[in-house]
Amino acid sequence: MIQLFRNAGYKIVDFTDKSDIYIINTCTVTNMSDRKSRHILRQAKKNNENALVVAVGCYAQVAKKELEEIPEIDLVLGTNEKIHILEYIENYTENLKKENKIDDVMQNKNYGDFGSVTYTEKTRAVIKVQDGCDRFCSYCIIPYARGRVRSRKPESIIKEIEEISEKGIKEVVITGIHVASYGKDFKEKFELIDLLEKINNIKKIKRIRLGSIEPLLITDEFIKRLIKLEKICHHFHLSLQSGCSQTLERMNRRYSAEQFEEIVNKLRKAYDDLILTTDIIVGFPGETNEEFEITYNFLNKIKFYKMHIFKYSKRRGTKASLMKDQVSSKIKEERSKKLLELSDKNENEYLNTYINKSVEVLFEEKDEEGYYKGHTSNYLVVKVKSDENLCNKIQKVTVKKSEKLSLIAEIIK
Ligand code: SF4
C-alpha cells in the first residue's frame, strides 16, 4: 500500500507526524490485537482531527460493525479492498463513509495482486505468493479474515523476482498465509515445488528462503525435488504449536507429534547444516501439566535452534475460545518462561558448534559498531570487521566466537 501511494506522488510520513491521511492496516489475530487496532485508530484522529482515518485489513474485515461505531474512523475497508485503496481515498466522500466497503472474503476466488513493487531493502525481498487459508485451526481467526486459498499466478511472481534481481536483490523470502497450499486453487497442477524450481532458475537470485511452512508439506517427493535446488536456504520454520499429539488434535493441526518428528528426521538427513525454528503455543485450553511435560520433552528432543513462544490468548469467533478448561495466566507465564529458557540454551549451544568453522555469508548492512552484518544460508547472524564494503556481497568467513546470539567472524584471505 505504501508503494501504491508513493507511486502516485504521496509523501509517506511517520505515524507520529501530522498527516492528512492515516491508513491503519489492522490485525485481528488475538483479542489484544483488536484492542491495539482500535487504540491506534483513535490515536490517529488525535494527531490531526481533520485527517481522513481509514481502517483496512483483517480486523476491519471481521468486525465492520464494531469499527463503524468508532466516530474517529472515516472509512472501513476489508481485505479485498486493500488493492484499490488509492481509488477509495481519492474518491472519498461522506457517502462512502456511510457505505464502507467489505466484500465477503470467503467468496473471493482470485488473488489480489498488487503487482511488482520497488524494494527499499537492497539485499533481500519478501515475495508474497498466496493469500488465505483453508485449514481452520481451532484457535485461529485468519481463515475468516483472509478467506480461502488464492494463489498468485507464477508468471506474476517470476516477473517480479526477475525485475528485482536486476536491481541487485540477491535473496527472496517466499511468504503467504499458508504457503504450503500454494497452487491448490489452480486448475492445472502447479505446486510450491514447481514454483521454487522456476525461481531457482533466475540467474541473479542467489538464495531462496522459505517463510513459515506447514510440516505436512514436507513429503518424500518434495524433499527429493527440493534438495536439487542449490539456492534453497537450509533454514526452515516449521510451525509445530505443541509437542503433544492430544493438544495438537484439539488445535485441529492435522498431524501428530510422531509424524512431525519423522519429517524433521527426513529433513535433517537431507541437509546436514539444517536449522529449524518453530512456533509454540503454551496454555492452550485443556493443556494439563502432563501434556505440557510431553511438549517440553518433545522440544528437548527435537532441539530447535529457536522457538517463538506464544501464550494462548482467546480469540472471539474461534472454537478454542469456547473450549472448557482455559488455562490461567500464571500457568501460561510459567510454561512460556520454561520454553524460552530452553530456546536460549539451544541457540547458544548451536552457535558454539560453529566456532572455527567457515561459513558463507550474504552481508546486508554495517551496524553502529562498525561490523558488517549478514546471514548464512541457514539464517545465523554473522558479523565481521572489514575495510572493504561488504554490503550485498557473498563472502566466506571463519567464525571466531559467539557473542550476544551472533557469530563474530574474520574474512578468509
Ligand atoms: S494453518 Fe495457520 S493461518 Fe491457517 S488456520 Fe492454522 S494457524 Fe491459522
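Guide: The side chain of Arg150 comes within 2.8 Å of the backbone oxygen of Arg148, which is a polar contact, meaning a pair of N or O atoms within 3.5 Å in which, within protein, one atom must be able to donate a hydrogen and the other to accept it, while residues adjacent in sequence count only if both atoms are side-chain atoms. Arg150 belongs to strand E5 (residues 150-151), and because its relative accessibility is 2%, Arg150 counts as buried. Buried stands for under 20% relative accessible area, exposed for over 50%, and partly exposed for what lies in between, using a 1.4 Å probe and protein chains only. Helices (H or I, at least four residues) and strands (E, at least two) are DSSP runs, numbered from the N terminus.

The model is a predicted one, so local features need pLDDT of at least 70 and side-chain atom pairs count only at pLDDT 80 or more, whereas totals for chains, interfaces and linings use all residues. Residues are numbered from 1 along each chain as its sequence is written, and side-chain values use heavy atoms, with hydrogens and water left out.

H13 has 14 residues and spans 20 Å from its first C-alpha to its last, close to the 20 Å expected at 1.5 Å a residue, where the expected span is 1.5 Å times one less than the number of residues. Its buried residues are Glu291, Phe292, Thr295, Tyr296, Phe298, Leu299 and Ile302. These residues cover an arc of only 165 degrees around the axis, which puts them on the same side of H13; the arc is that of the directions from the helix axis to the C-beta atoms. An α-helix has 3.6 residues a turn, so residues three or four places apart point the same way. On the other side of H13, Asn289, Glu290 and Lys301 are exposed.

The buried residues of H13 pack against helix H11 (245-251), helix H12 (257-270), strand E9 (275-282), E10 and helix H14 (329-352), contact being taken as heavy atoms within 4.5 Å.

The loop between E9 and H13 holds Glu287, which counts as buried because its relative accessibility is 4%. The side chain of Glu287 makes a polar contact with the side chain of Arg335, at 2.8 Å. Not counting residues up to four places away in sequence, Glu287 touches Arg250, Ile281, Val282, Phe292, Val327 and Arg335. Phe292, one of these partners, is also among the buried residues of H13.

Phi of Lys303 is near 55 degrees, a positive value in a residue other than glycine. Lys303 counts as partly exposed because its relative accessibility is 37%. Tyr379 is found in the loop between strand E12 (372-376) and strand E13 (381-384), and because its relative accessibility is 31%, Tyr379 counts as partly exposed.

Strand E13 also contains Val381, which counts as buried because its relative accessibility is 19%. Leaving aside neighbours within four places in sequence, Val381 is in contact with Lys373, Gly374, His375, Ser406 and Leu407.

Returning to H14, one of the elements against which the buried residues of H13 pack, the loop between H14 and strand E11 (358-366) is where Lys357 is found. Lys357 is partly exposed, since its relative accessible area is 42%, and apart from neighbours within four places in sequence, Lys357 is in contact with Val397, Thr398 and Val399. The C-alpha atoms of Lys357 and Ala409 are separated by 9.4 Å, although these two residues are 52 residues apart along the chain.
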